Amino acid sequence: TMSLLESTGDASSTAHTDYEKWVRRLYLTNLFHPVKMGLTNIQRLHKLVGNPMDDPSRVVVHIAGTNGKGSVALKIANTLRQSGKRVGIFCSPHVSSFRERMQVNGELISEDEVVDLLPQVYELCVKHDIPATFFEITTLLAFLFYEKHQVDFVVLETGLGGRLDATNSIAHPALAVITSIGLEHTRILGDTVEKIAKEKGGIIKKGCPVLVGPNCPQGVLEDCAKRVGAGSYYVPDLVLGDSLDHQTTDYDEENQRIASAAILLLQQSHPNLLEDLTSDDIQKGVLIRPPCRFEEVQVGQVKAILDVAHNPPAMEYLMVKLQNTYPSQSFRFVVGMSSDKDLGQCARSLLSAVGPSSIHLVEAAHPRAAKIPDIVAAEPKFSDCHFSLDDRSITKQVINSLQLAEENGEILVVCGSVFLMAEARQALGFDEPRDSDYISEVAGAGLRQMQENFGNTTIEDGPSRQQ
């Protein structure tokens, strides 16, 4: 293994743990070859380890969607756990530690397990000359981890799209879930909701039932399902036997309904595994939310809310939710954006809630972070926000905004791309596993926010043609 480790460039140094060296190496993977989205690498790797995710006794739930897929995955996994079964979850991106991406019954993969399993994946890549990407290697690492823990259920969240995503290497999911469809990653996935729906709909398999959230182009997805000969096609209202009696602006309510419907379908298809699950278990299980999804914390005298609203619909929704939840409060924002999002539209959403003097702009140390001058250029009113071009750090503005929020009795909202969250959480005093600087300084080499640095991503069969 040592010879493999040496290629991290710093193996002789004993100052860093094996975990740090291996994860750092993983982060640097995409620097060495362009990322080609396709299933060839991951299918070869999965086969070499015996296709553990296709074990007929293992129940796999596969989830895609523009917004909500991480929340729905967590809600489903959390509820399945109430049955006493072993449940693995695969989700991305992570907030503070790489280990968050793969968990069994709420326990993160340990550093020792990463050090044990990751070299095995690299050995296969070297031996069989497979140019696997960061996300493909991470996916196989997760598969080995679930196999080691002999999980009964695996809940897989797609990384990007669906059709050519590494998680789509599984052959027989018990259920495919598509949470919502909106415009994102348009350069890679296509520039219309229909094209993006076809990419996400690529997780639908022959004979596999499909559950589709309300904010999706149903016609396009029903076509996808018909074309591959999928099982039954469901929407939450149909499964739950009721519809919301009010127009909801609350995504979490929508996600709870999607997750509850998914559990009911699994109870129908696998009654022997889930016979102990009560409707009370389901109601409680789906209340959980991932970190940084309207996450409320008390920091000294100040209430803070963290939310990874990073695209225009999510930002707009966050403003509505803040005003509905705290109608008589005023807010102060710390915001950092990702450069591939519509900065102007996100900025206008913010300005609908507060004036520029209540907004603090930050720039994460990450190649995909939007630069402060670019954010200001997209919305000239933002030149009156709080920011410092000499010290663009998140910590500085978090500390500054906390003080002002306390003086003015405001709620502090930290929002924007996920890659500002690790530093923001540290500045707010969270105690949780966090990767060291030795790892996070290279996370920018293609990572940390989404699975990959999509700058060099192409699709195996050209832009968004159906295979």
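Is phenylalanine 98 buried or exposed in this predicted model? At 0% relative accessibility, phenylalanine 98 is buried (under 20% relative accessible area; exposed is over 50% and partly exposed in between, with a 1.4 Å probe and protein chains only).

The model is predicted, so local features need pLDDT of at least 70 and side-chain atom pairs count only at pLDDT 80 or more, whereas totals for chains, interfaces and linings use all residues. Residues are numbered from 1 along each chain as its sequence is written, and side-chain values use heavy atoms, with hydrogens and water left out.

**View 1. Aromatic pair of tyrosine 27 and phenylalanine 98.** The structure holds 8 aromatic pairs (rings of Phe, Tyr and Trp, the last by its six-membered ring, with centres within 6.5 Å; planes under 30 degrees apart are stacked, over 60 edge-to-face and the rest tilted). Tyrosine 27 and phenylalanine 98 pair edge-to-face, at 6.5 Å centre to centre and 75° between the planes. Because tyrosine 27 lies in helix α2 (residues 18–28) and phenylalanine 98 in the loop between β3 (87–90) and β4 (102–104), the pair ties together parts that are 71 residues apart in sequence. Helices (H or I, at least four residues) and strands (E, at least two) are DSSP runs, numbered from the N terminus. Tyrosine 27 is buried, at 1% relative accessible area. Ring pairs link Tyr27, Phe98 and Phe134 into a cluster.

**View 2. Phenylalanine 331 and phenylalanine 333.** The ring centres are 6.4 Å apart and the planes stand at 45°, so this pair is tilted. Phenylalanine 331 is buried at 5% relative accessible area, and phenylalanine 333 is buried at 0%.

**View 3. Arginines over aromatic rings.** Arginine 25 lies over the face of tyrosine 122, 3.9 Å from the ring centre. The charged end of arginine 425 sits over the ring of phenylalanine 430, at 4.1 Å from its centre (NZ of Lys or CZ of Arg within 6 Å of the ring centre and within 35 degrees of the ring normal).

**View 4. Surroundings of asparagine 168.** Asparagine 168 is found in the loop between β6 (153–157) and β7 (175–180) and is buried, with a relative accessible area of 6%. Its side chain makes a polar contact with the side chain of lysine 205 at 2.4 Å (a pair of N or O atoms within 3.5 Å; within protein, one must be able to donate a hydrogen and the other to accept it, and residues adjacent in sequence count only if both atoms are side-chain atoms).

Technical notes: Contact = heavy atoms within 4.5 Å. Lists of a residue's contacts leave out its neighbours within four places in sequence.
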